[in-house]
Amino acid sequence: MKNLRGLLLKRGVMALAMAAGGSAALLFGSNALAAVDIQVWTALNAHNQGEFESLVRDFNRSQKDVKVTVKAHETEAALEQLMSAGKDLPNLVQLGEMSGLDEVADRPYILPMHTLLAREKMDNVSWFLASNSFVRNGRGQLQGFPYMAEIPVMYYNINAFDKAKVEPAVPSRVWLDLQGQLVQLANNGSRRCPLTSDQSVSINLENLAAVNNQIYGLAPGPKVKGKVGFDFDLMYIRHLSMMISWVKSELLVKPGTLPESPQRFAKGECAVMLSNSGHIGEYSNIRGLKYAVTGLPYYPEVTQTPGKPFVTGSALWAVKGHNAEQNQASARFINWLAQPENAARWYQNTGFLPVSREAFNATGSDYYKDKGDWMHLVGAYSSGTSGTAKGNFRNYRQIRAVFNQSLDSALDGHQPALTALRTAAIEANRLVAQKGR
């Protein structure tokens with residue numbers, strides 16, 4: 001046995017075994033001397049971080065060949081800064097994807113997920129977002145593992161609606177009708193916070209387009225005809241003007257930065273919140289918080305049927321610079337996370353979209369009974385992509401920062417909607433036209 005172990009550790013034998021396609025058996029056979037260590041960096045909220053670390057502990061207990069260590073970071077920005085430093089990088093890292101030409105997949109330290117998983121047989125896994133462009137390249141290949149994919153939703157406090165005697169006791173998905181409900185909520189118990197949000201650009205620009213089935217800018221491309229960039233028309237101007245009026249009348253508590261708005265909703269201070277779905281698991285665990293979710297509002301003057309929001313959030317990305325043994329260990333861990341039972345557990349306990357169709361199908365009706373329209377909002381993504389696409393814009397991170405600053409200024413009352421949106425579009429289009437990164 002000792003001689004066999006020694007042979008397995010010899011580099012030449014390892015190389016021969018890998019060339020023969022038997023790497024997994026040798027790397028993870030029962031005769032291995034020690035587990036292969038891999039490190040995962042994350043930046044999740046406290047609840048979701050706990051759920052992830054619980055899964056990691058179960059994975060580590062389930063076998064002895066791979067040991068996963070998790071390093072949690074307070075924010076994605078802090079994690080990004082460490083990745084940029086380029087020292088002692090992890091095997092897998094959680095990074096947000098914004099669908100831009102200079103996004104995560106193009107970074108020099110990223111190993112495409114389809115490359116990492118090329119040798120890993122993934123039984124019982126049919127990707128839930130297989131036809132969605134989130135973390136996939138133009139050829140449909142998986143660039144990252146869409147483990148923290150989410151969509152924006154409208155959360156509402158059921159007790160607040162009951163107390164205000166709002167009928168029906170659910171937020172309207174029509175913006176103007178929602179305004180009337182917010183007035184009623186403000187006058188009957190929710191004066192401090194009828195509505196809040198932590199996703200200003202997502203709600204007021206990106207998904208204003210998607211939910212109203214409109215084009216969100218025109219991204220450059222070989223088949224694109226017309227002027228590329230952004231042109232915020234009357235729909236955007238009217239909407240932002242209404243949001244400005246809501247802030248002035250205190251129907252809308254001005255969108256804050258993470259985690260201010262989600263924490264206020266969690267405490268029962270806010271009647272309605274527009275935010276991403278990744279809070280669902282956290283909120284379901286809070287005693288005394290009776291809540292549900294529905295879809296984002298739309299304008300029936302623009303579209304008869306609301307469209308699907310863009311998929312957003314984060315993914316686990318493989319990092320270059322590790323040997324074949326560690327890469328195979330990372331692939332094995334990803335495979336385990338994607339298995340139906342584990343993926344269903346993650347979906348149900350977090351509010352992130354299911355990784356696989358099997359995870360979605362394994363989730364029974366009892367899970368959805370107190371979550372409003374959540375089952376239907378998720379199920380809509382099992383039937384392909386939305387009618388619109390966000391597009392791949394050069395320098396989109398900088399563009400999004402410009403949009404956020406312009407919206408912030410408008411909602412603070414420093415400039416009218418028309419001026420704010422025109423200024424934002426001019427600066428964004430300048431960034432789109434830049435050839436450098």
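**Cavities, helix contacts and local geometry**

Helix 9 supplies four residues to the lining of the second largest cavity, the largest share from any element. The structure is a predicted model.

Rolling a probe the size of a water molecule over the atoms shows where empty space is left. Across the whole structure, the search returned two cavities of 30 Å³ or more. The largest cavity holds about 50 Å³ of space. It is lined by 10 residues, of which Ser197, Ile203, Asn204, Leu252 and Leu274 are the closest to the centre. Two or more lining residues are given by each of strand 7 (195-197) and helix 9 (200-211). Helix 9 again makes the largest contribution, with three residues in the lining of the largest cavity. The lining of the largest cavity contains six nonpolar and four polar residues, and no charged ones.

A disulfide is a covalent bond between the sulfur atoms of two cysteines. The model contains one disulfide. The bond joins Cys193 to Cys270, with an S to S distance of 2.1 Å. The torsion about the S-S bond of Cys193 and Cys270 is about 90 degrees, and the disulfide is therefore right-handed. Cys193 is placed in the loop between helix 8 (175-186) and strand 7, and Cys270 in the loop between helix 11 (260-266) and strand 9 (272-276), so the pair ties together parts that lie 77 residues apart in sequence.

Two helix pairs were examined for packing geometry. Helix 10 (residues 234-248) packs against helix 18 (residues 396-411) at an angle of about 50 degrees, and the two axes are 9 Å apart. This angle makes helix 10 oblique to helix 18. On the side of helix 10 the contact involves Leu240, Met243, Ile244 and Val247, and on the side of helix 18 it involves Leu407, Ala410 and Leu411. The residues of this contact of helix 10 with helix 18 are seven nonpolar, no polar and no charged.

In the second pair, helix 13 (residues 324-338) and helix 14 (residues 340-350) cross at roughly 70 degrees, and their axes come within 5 Å. Helix 13 and helix 14 are therefore roughly perpendicular to each other. Helix 13 contributes Trp336, Leu337 and Ala338 to the contact, while helix 14 contributes Pro340, Asn342 and Ala343. By class, the contact of helix 13 with helix 14 has five nonpolar residues, one polar residue and no charged residue.

Backbone geometry was considered next. Most residues other than glycine have a negative phi, and most peptide bonds are trans. In Asp88, phi is near 50 degrees, a positive value in a residue other than glycine. Asp88 belongs to the loop between helix 5 (76-85) and strand 3 (92-96). The peptide bond from Glu167 to Pro168 is cis, and its omega is near -5 degrees. Pro168 is situated in the loop between helix 7 (158-163) and helix 8.

A further loop residue is Asn137, which is found between helix 6 (113-116) and strand 5 (145-150). When neighbours within four places in sequence are left aside, Asn137 is in contact with His114 and Gln143. The C-alpha atoms of Asn137 and Pro112 are separated by 9.8 Å, and the two residues are 25 residues apart along the chain.

Methods:
Residues are numbered from 1 along each chain as its sequence is written. This is a predicted model: local features need pLDDT of at least 70, side-chain atom pairs count only at pLDDT 80 or more; totals for chains, interfaces and linings use all residues. Side-chain values use heavy atoms; hydrogens and water are left out. Axes are lines fitted to C-alpha atoms, for helices over the stretch in contact, and angles run from 0 to 180 degrees between N-to-C directions. Angles under 35 degrees count as roughly parallel, over 145 as roughly antiparallel, 65 to 115 as roughly perpendicular and the rest as oblique. Contact means heavy atoms within 4.5 Å. Ala, Val, Leu, Ile, Met, Phe, Trp, Tyr, Cys and Pro count as nonpolar, Asp, Glu, Lys and Arg as charged, and the others, Gly among them, as polar. On a 1 Å grid over the protein atoms alone, a cavity is a set of points where a 1.4 Å probe fits but cannot get out, and a pocket is an open set with protein on both sides within 12 Å along at least five of seven lines; lining residues have an atom within 4 Å of a point. Grid points are joined across faces, edges and corners, and a volume is the space filled by probe spheres set on the points. A disulfide is a pair of cysteine sulfur atoms within 2.5 Å.
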